[in-house]
Each structure stands twice: as structure tokens, then as C-alpha cells.
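Work through the exercises below with the sequence and the model side by side. Try each task before you read its solution.

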Amino acid sequence: MIAPGRTYLTDEMVAKIEALAPRYPNRRALTLPALHIVNAELRHVPLGAVVEIAAVLGLAPAEVQDTLTFYQFFHQEKPHGKVRAFVCRSVSCALRGGDHLLEHLCKQNGVEPYGTTPDGELTIEPAECLGACDFAPCILANDDLLKNMTPETAAAELKKPRARAT
Amino acid sequence: MTPFKPVLLEAVGVPDGHTIASYKSRGGYAPLEATLAGKQPTDVIEMVKSSGLRGRGGAGFPTGLKWTFLPKDHPGPIYLCINADESEPGTFNNRILMEDDPHQVIEGIILSSFATRASTAYLYLRYEYPQSWHRLQAAIDEAYAAGYLGQNIRGTNFSLDIYLHRGAAAYICGEETGLIESLEGKRAWPRIKPPFPAIEGLFRKPTVVNNIETMACVAQIARRGVDWFKSIGVPADPANPRDPGSYGPKLYCLSGHVERPGCYEAPLGITARELIEQFGGGVWKGRKAKAVIPGGISMGLMTESELDTPLDFAGPGKVGCLGLGTAAVVVIDDQTSIVDFLHNSARFFAHESCGQCTPCREGTSWSLRLLERIKAGKGRLKDLDILLEIGNTMGMMPGSTICGLADGAAWPMKNAIKKFRGEFEDYIKRTNPSGWMVTDPVPALQIVGAH
């Protein structure tokens with residue numbers, strides 16, 4: 001439930017953030033956990049949600065926004081797809097066709113890198129080393145590591161419905 | 001060579017090897033119980049110091065020595081941060097330890113917290129490792145239930161909580177003060193040192209930052225002893241009083257153009273050629289290696305003729321590489337363009353420069369633009385000298401940046417151009433026959449996205 005005066009943060013999200021508070025000696029350290037909690041639900045963290053997170057943490061909105069923009073991880077304009085696919089383009093994957101894989105998947109789905117299909121199902125993003133070079137080229141789709149991908153196997157994998165990222 | 005039996009990786013392939021029951025059946029947590037029953041924190045520090053253990057995260061700093069930099073008799077809190085932001089391209093050994101043997105890591109964290117008198121340990125985990133996150137959280141829950149974590153552990157006055165903290169896909173968070181800033185909720189801009197984290201770290205309190213594999217080593221030293229650890233690896237060079245040696249087993253991540261990529265455990269000092277042939281099944285498709293990254297992309301390149309270099313802490317530096325780094329060995333075959341390799345490297349660093357220091361922010365993005373121009377067939381021989389000039393002037397070593405990211409960006413550039421200059425020149429002349437000799441300034445290309 002969204003509390004009066006709020007547009008984005010539900011009581012449940014705030015409770016999840018507050019549950020982590022005893023772990024840290026100050027509330028600013030809750031910034032990244034809070035962004036992850038909101039992003040997991042909304043699939044983006046719009047500026048309005050940033051303002052609400054700042055109110056919960058007792059920070060200036062600009063402090064939260066400063067941290068958010070640094071990471072380039074949290075979409076702000078609109079939600080990413082139900083499946084967010086990070087396609088590795090760093091050296092070990094690139095040596096085994098990672099760039100080709102990314103290009104193929106973007107073309108096939110009619111999106112630019114970081115783009116989302118019109119039906120809101122799939123976002124394709126280039127990623128730096130996913131730390132799975134033993135399975136290059138690889139893709140992280142929500143919580144699932146897709147190993148030793150080819151354009152064909154990746155296309156099939158990314159059509160499957162997937163549990164939400166945790 | 002006598003076959004080496006994996007120790008750090010002993011749980012790999014064991015059914016349910018990640019559970020506490022399996023870990024205890026291998027002798028796990030017995031050293032912790034013995035330590036808590038009768039040892040002092042100084043005993044653990046002394047054990048780690050005398051083992052010669054050097055940090056496995058990349059810099060190779062002696063772990064026990066790092067611990068002794070903490071102030072004596074500090075009222076606390078003292079924090080231990082575990083660096084699991086493993087993001088160096090080619091590196092995945094921490095992922096394997098966290099997924100396949102999380103309790104080995106946790107026992108190391110508990111022993112290290114006892115030694116440093118830390119009562120809170122934050123494990124900073126990169127976002128891209130959801131499986132590690134779930135495995136670690138489950139293992140931490142088991143450790144609490146078994147009484148190895150929490151208040152007054154085993155009836156002593158030692159208390160410890162371990163908290164997982166997830167990153168958000170930024171390479172710079174692996175730099176220890178960048179990690180601290182990120183944990184505090186800020187942009188991950190590395191701090192000027194001194195003060196070092198041991199004096200003023202997380203939340204302005206004394207802090208030790210150690211890598212996951214370092215923690216696993218601490219657990220194994222406690223179980224198997226200092227003599228065991230020192231019997232493996234490369235002893236200190238008696239001719240060099242500043243060499244702390246390269247002791248112990250090491251996890252080497254082998255990837256790229258090999259038949260069998262994987263994480264392999266070997267004594268420190270194995271050569272790249274031995275790794276590729278004995279573990280990796282050789283260069284793939286029967287080809288030859290053109291170049292090999294010795295320890296993550298920021299360590300630079302070894303040529304084929306340098307592959308007999310021992311991969312200990314001192315080895316890669318002897319052939320002009322930056323160091324052993326994360327011991328991530330990436331093989332590049334002879335069909336690969338070194339121009340493509342360097343472009344890939346430059347793209348990574350331009351994306352991951354945190355933007356705080358101008359020489360790194362501008363140097364990495366301009367080197368990418370130069371390489372894009374070369375790849376687009378508009379390169380000039382002069383560009384190679386500009387790239388070298390950038391490489392020689394950005395970084396901690398020349399003194400122009402706060403952290404080592406720029407040194408890591410410079411090294412592959414300097415190594416590639418110095419060791420493969422002929423290939424770059426041929427490429428530029430072939431793709432830009434009418435303009436390779438031009439030396440006039442050129443208009444800026446499109447701006448690249450910086451991190």
C-alpha cells in the first residue's frame with residue numbers, strides 16, 4: 001500500500017528498507033539497498049521515487065540522485081523489461097563472439113543497446129565482465145546466468161518467461 | 001611436476017558441498033572452534049603474518065601486515081569489509097568460492113574478524129552474482145544457527161555479524177576506498193591515501209578490506225598450518241630483501257581462446273604455458289597464442305615468447321606487465337587482431353573510469369576515441385604516439401590520479417603498442433592508405449559515454 005503523500009513507495013518497500021537499518025550506523029548507507037528494493041518492484045527508479053527515498057532516509061534528494069546516476073544501473077525514464085538481459089562484451093566474451101551476440105540480439109528484437117521491446121518484455125543491455133568467463137559468451141537474464149550462448153540459443157532463452165530478479 | 005591436489009577448490013563437484021554439514025565433514029570450523037577456545041587475536045595475526053599470505057585481490061599486499069596497521073587498543077568499532085566486487089575482466093574465482101564453498105569464505109571472515117577485533121563484517125558483493133548472493137545468505141544463516149555468528153560466539157566475548165551489501169555494476173567499487181564510499185551510500189569515488197582505511201575507513205572508523213580468496217586462504221592456513229602454506233609456491237628471493245615471496249595455492253581463471261576455460265588451482269608460480277597446456281587443453285582449434293593477459297585485463301599482455309614466465313607476484317612484472325593482478329589468464333589466439341583487443345580494453349576503461357580524476361576520465365575516453373578512429377580506417381601513425389603519451393601520463397605511477405584504475409587502463413595500451421607495434425602500423429597503413437602519414441589535428445569524434 002502506498003502511504004498518503006507518496007506516489008511510488010509502498011509501505012512494504014519502506015518496511016524492507018527499515019528492516020536493514022540496524023545493520024548500518026547511519027541512514028545514508030541504506031541508499032543502495034533502498035534503490036535496489038524500489039528497483040526490484042518498479043523496474044526503474046523515477047525521480048519522484050528518489051525524492052521519496054530521500055525523505056525516508058532523511059537525506060537531500062540530490063544526495064540519492066547523485067548516487068543513483070553514478071551507477072548507470074537504475075533506469076529512471078521508464079521501466080526496463082520484465083526480462084533484463086545483460087550481454088557481456090568484455091574481453092573473454094568478446095574473444096568468443098560477445099559483441100556479435102549483442103548486435104544480433106539487438107537487431108533481432110528491433111532495439112538499440114539499453115532499449116526495451118515495445119511490449120515491455122525484454123531489455124537488452126551491454127554489460128562489462130559478468131565474471132563467468134568460463135562460460136563465454138554469457139548473458140545474465142534476471143537472476144539466470146545463460147552460459148556458452150550462440151545467437152540461436154540466446155534468442156530461444158530470451159523468449160522464455162523468467163522469475164523476477166531478486 | 002607432482003600433481004597438486006586442490007584445497008581451495010576441494011568442494012567443487014562435491015554434492016551439497018556448499019552446505020555447513022559438508023564443510024564440517026571436510027574439517028571446516030574445527031580451526032575456528034580451537035581458535036575461540038584458547039587463542040588470542042594476536043595469535044591469528046601472527047599465524048597469517050608468518051604464513052606469508054599476500055592479498056589475492058590484485059595488489060598482493062601482505063595480509064597480516066595490513067592487519068597490523070590498525071590502531072592498537074582502539075575502542076571500536078573496527079570494520080572488516082570483504083571485497084567481492086570481482087569485476088576485473090577475465091576474473092571469476094571469487095564467484096566459484098562463494099557458490100561452491102561459501103563456508104570456507106565465512107570461516108575465513110570469522111577468523112579474520114577475531115584477529116582484527118572487528119564486530120561487523122560487510123561483504124560487498126557485485127550485483128551480477130545473484131547465485132553467490134543466495135548461496136552466501138543461506139550459508140550465513142546456517143552459521144548463525146550453528147552459533148558461529150552472533151553475540152558472544154561460543155561463550156567468548158567475541159561477537160560478529162556478517163552483512164551482505166550488493167553493488168550496482170561499477171568496476172571502481174573493487175578499489176578498496178571506492179568500495180567504502182559505495183557502502184556509505186555515496187558515489188564510489190576513491191579516496192586520497194593517507195589516511196589509509198586501517199586508520200580511517202568505513203564510517204570514518206578503522207577498517208580492513210580483504211578479498212574473498214584471501215579469506216579462503218586464512219581458513220585453510222588455520223586448518224592446515226603455516227608450514228603447509230609455505231611449502232607451496234615461490235619462496236622470497238634472498239637477493240631482494242623487499243620480496244615477501246609468493247606462497248600458497250592460487251586460483252587461476254583461464255579463459256578466452258583455450259579448449260577448456262575454467263578456474264584452476266595451482267601453486268603460485270605456474271607458468272602461463274603450463275596452465276594453458278596442462279589445464280586448458282591447449283589453445284583452441286589447434287591454433288597458437290598471439291598474446292596472453294597474465295592477471296586480468298589491466299595487467300597488460302605477454303607475448304607467445306613470454307609464456308614461460310612464472311605467474312607469481314613477481315613474475316609478470318619481469319616481462320613488462322603490471323603484475324599478477326587477479327591471476328586471470330586470458331588467451332588471445334593468432335587469428336585475433338590486436339587492434340580489436342585494444343579497442344575492447346579501451347572501451348571497458350572509458351566506461352568504468354569513475355570520472356573523479358581528469359587525466360583518467362579524459363585519458364580513457366580519448367584513447368577509446370582514437371581507437372575507434374583507427375578501427376574506422378582513419379588512423380594515423382601519430383595516433384600510436386598519442387596513445388602512448390596518454391598511457392605514460394595517466395595513473396598513480398606517473399602521479400596524476402588518486403587510484404590505480406588509470407594505471408590498469410594504461411598498461412594494456414602500453415604493452416600492446418610496444419609489443420605489437422608492427423601490427424598496429426600495418427593495420428593503419430592498410431586501412432588508411434591516403435592518410436596514415438598525416439599529422440594535422442583532426443576534429444573530435446562523437447563523445448563516448450563515460451561511466
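**Exercise 1. Describe how helix 7 and helix 8 of chain B are placed against the strands.**

Solution. Begin with helix 7 of chain B, residues 130-145, which lies across strand 2 (120-125) and strand 3 of chain B and runs at about 165° to strand 3 of chain B. Next take helix 8 of chain B, which packs on the sheet and touches strand 1, strand 2, strand 3 and strand 4 of chain B, while its direction makes about 110° with that of strand 1 of chain B. Helices (H or I, at least four residues) and strands (E, at least two) are DSSP runs, numbered from the N terminus. Axes are lines fitted to C-alpha atoms, for helices over the stretch in contact, and angles run from 0 to 180 degrees between N-to-C directions. Two residues are in contact if their C-beta atoms, placed from the backbone, lie within 7 Å.

Before going on, note that this is a predicted model, in which local features need pLDDT of at least 70 and side-chain atom pairs count only at pLDDT 80 or more, whereas totals for chains, interfaces and linings use all residues. Residues are numbered from 1 along each chain as its sequence is written, and chains are lettered from A and ligands numbered from 1 in the order in which they are written.

**Exercise 2. In what order do the four strands of the open sheet in chain B stand, and which strands are at the edges?**

Solution. The order in this open sheet of chain B is 3-2-1-4, and the pairing is parallel; two strands pair if DSSP finds at least two bridges between them. Strand 3 and strand 4 (207-211) of chain B each have a single partner strand, so one side of each is left without a neighbour in the sheet, and these two are the edges. Neighbouring strands of this sheet are turned against each other by 25° on average, direction ignored. To follow one pairing in detail, look at strand 1 (residues 79-84) of chain B, which is joined to strand 4 of chain B by five bridges in a parallel run; in strand 4, Val209(B) is the bridge partner of Cys81(B).

**Exercise 3. How do strand 7 and strand 8 of chain B run, and how many residues lie between them?**

Solution. Strand 7 (residues 249-256) and strand 8 (residues 262-267) of chain B run antiparallel and are joined by six bridges. The two strands form a hairpin with five residues between them. Within this pair, Tyr252(B) stands opposite Tyr264(B) of strand 8.

**Exercise 4. Characterise the packing of helix 3 and helix 6 of chain B.**

Solution. Two packed helices are described by the angle between their axes and the distance between the axes. For helix 3 (residues 41-51) and helix 6 (residues 102-116) of chain B, the axes come within 7 Å and cross at roughly 115°. The residues that meet are Pro41(B), Val44(B), Ile45(B) and Val48(B) from helix 3, and Leu111(B), Phe114(B) and Ala115(B) from helix 6. By class, this contact has seven nonpolar, no polar and no charged residues, where Ala, Val, Leu, Ile, Met, Phe, Trp, Tyr, Cys and Pro count as nonpolar, Asp, Glu, Lys and Arg as charged, and the others, Gly among them, as polar.

**Exercise 5. Is Ala169(B) buried or exposed, and which residues does Ala169(B) touch?**

Solution. First locate Ala169(B) in the loop between strand 3 (161-166) and helix 8 (176-183) of chain B. Ala169(B) counts as buried because it has 22 C-beta neighbours inside 10 Å; a residue is buried if 20 or more other C-beta atoms lie within 10 Å of its own, exposed if 12 or fewer, and partly exposed in between. Leaving out residues up to four places away in sequence, Ala169(B) touches Tyr71(A), Phe73(A), Tyr127(B) and Glu128(B).

**Exercise 6. How many residues does each chain give to the contact between chain A and chain B, and which helix of chain A gives the most?**

Solution. Chain A gives 33 residues and chain B gives 43. The elements of chain A that supply two or more residues are helix 2 (31-42), helix 4 (61-71) and helix 5 (91-94), and helix 4 of chain A gives the most, with four residues. By class, the side of chain A that touches chain B has 18 nonpolar, nine polar and six charged residues.
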